[in-house]
Amino acid sequence: MRRAWKWMGYVLVIGGMLSLLMACGTKPDAPAGNTGSPAAMDKGKPAPDFALQDLKGNSLQLSDLQGKKVYVKYWASWCSICLAGLEDLNTLAGQENDFQVVTIVTPDAKGEKSSKEFTEWFKRQSYDNLTVLLDEDGVWAKKFEVRAFPTSYYIDADGNLVKSLPGHASNEQIIETFGGMM
């Protein structure tokens, strides 16, 4: 009997760990008809030319950054994996690189705070180097085919998607990926 309880404990621990790992990753309403892997956008094609506002109301359009490589990270304030990587990403955004760092959140979608709540929350954080854009209603998240948080998009200087990856990317991985681009 004692052995059965021990095994039950193992099953519960493993189940809990799997639930935790999946907590940030899944997004239940993927675009209809697209059954590919997360971040399945066609590489080598132009990235969606988003036009979004930052937390101060300033507008930024991807085409404004033409001629620069751009790292785009979709994330959520409720995602522990996303939050764990923000300090490093803030450091990267404050360094001299040959690419621009842009982050995007989707207010009022998939459990994210409203724009006002998110902005108030983010102002209390210490990430002064991050550009955070608000994708109201997740319009651009659908065009980028975001299915998991966090998801990284690597865009070349011509505005083409070079690589997209779900999950956390370290600063070293980001720099290495851009280092391999012409």
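Biologist: Why is Lys69 counted as buried?

Modeller: Lys69 has 10% relative accessibility, and buried means under 20% relative accessible area, exposed over 50% and partly exposed in between, with a 1.4 Å probe and protein chains only; therefore Lys69 counts as buried. This is a predicted model, in which local features need pLDDT of at least 70 and side-chain atom pairs count only at pLDDT 80 or more, while totals for chains, interfaces and linings use all residues. Residues are numbered from 1 along each chain as its sequence is written, and side-chain values use heavy atoms, with hydrogens and water left out.

Biologist: What makes Asp98 and Lys69 a salt bridge?

Modeller: The closest N and O atoms of Asp98 and Lys69 are 2.8 Å apart. A salt bridge needs a side-chain nitrogen of Lys or Arg within 4 Å of a carboxyl oxygen of Asp or Glu, so the pair qualifies. Asp98 lies in the loop between α2 and β4 and Lys69 in strand β3, so the pair ties together parts that are 29 residues apart in sequence. Helices (H or I, at least four residues) and strands (E, at least two) are DSSP runs, numbered from the N terminus.

Biologist: How many salt bridges does a search of the whole structure find?

Modeller: The search finds one.

Biologist: What is the nearest side chain of opposite charge to Asp156, and how far away is it?

Modeller: That side chain is Lys69, 9.3 Å away. Lys and Arg count as positive and Asp and Glu as negative, with His and the chain ends not counted. The distance is beyond the salt-bridge limit, so Asp156 is buried yet has no salt bridge. Asp156 is placed in the loop between β6 (151-155) and β7 (161-166).

Biologist: Which residues does Asp156 contact, leaving aside neighbours within four places in sequence?

Modeller: They are Lys68, Lys69, Val162 and Met181, contact being heavy atoms within 4.5 Å.

Biologist: Why is Glu112 called buried?

Modeller: Glu112 has a relative accessible area of 6%, which is under the cut-off, so Glu112 is buried. Glu112 is found in the loop between β4 (99-105) and α3 (115-123).

Biologist: What makes Trp78 and Phe149 an edge-to-face pair?

Modeller: By the rule applied here, the count comes to 15 aromatic pairs. For Trp78 and Phe149, the values are 5.8 Å centre to centre and 90 degrees between the planes. Rings of Phe, Tyr and Trp (its six-membered ring) pair if their centres lie within 6.5 Å; planes under 30 degrees apart count as stacked, over 60 as edge-to-face and the rest as tilted. The pair is therefore edge-to-face. Trp78 counts as partly exposed at 30% relative accessibility, and Phe149 as buried at 4%.

Biologist: How do you know that the charged end of Lys143 sits over the ring of Trp140?

Modeller: The charged end of Lys143 is 4.5 Å from the ring centre. A charge sits over a ring if NZ of Lys or CZ of Arg is within 6 Å of the ring centre and within 35 degrees of the ring normal. Lys113 lies over the face of Trp121, at 5.2 Å from the ring centre.
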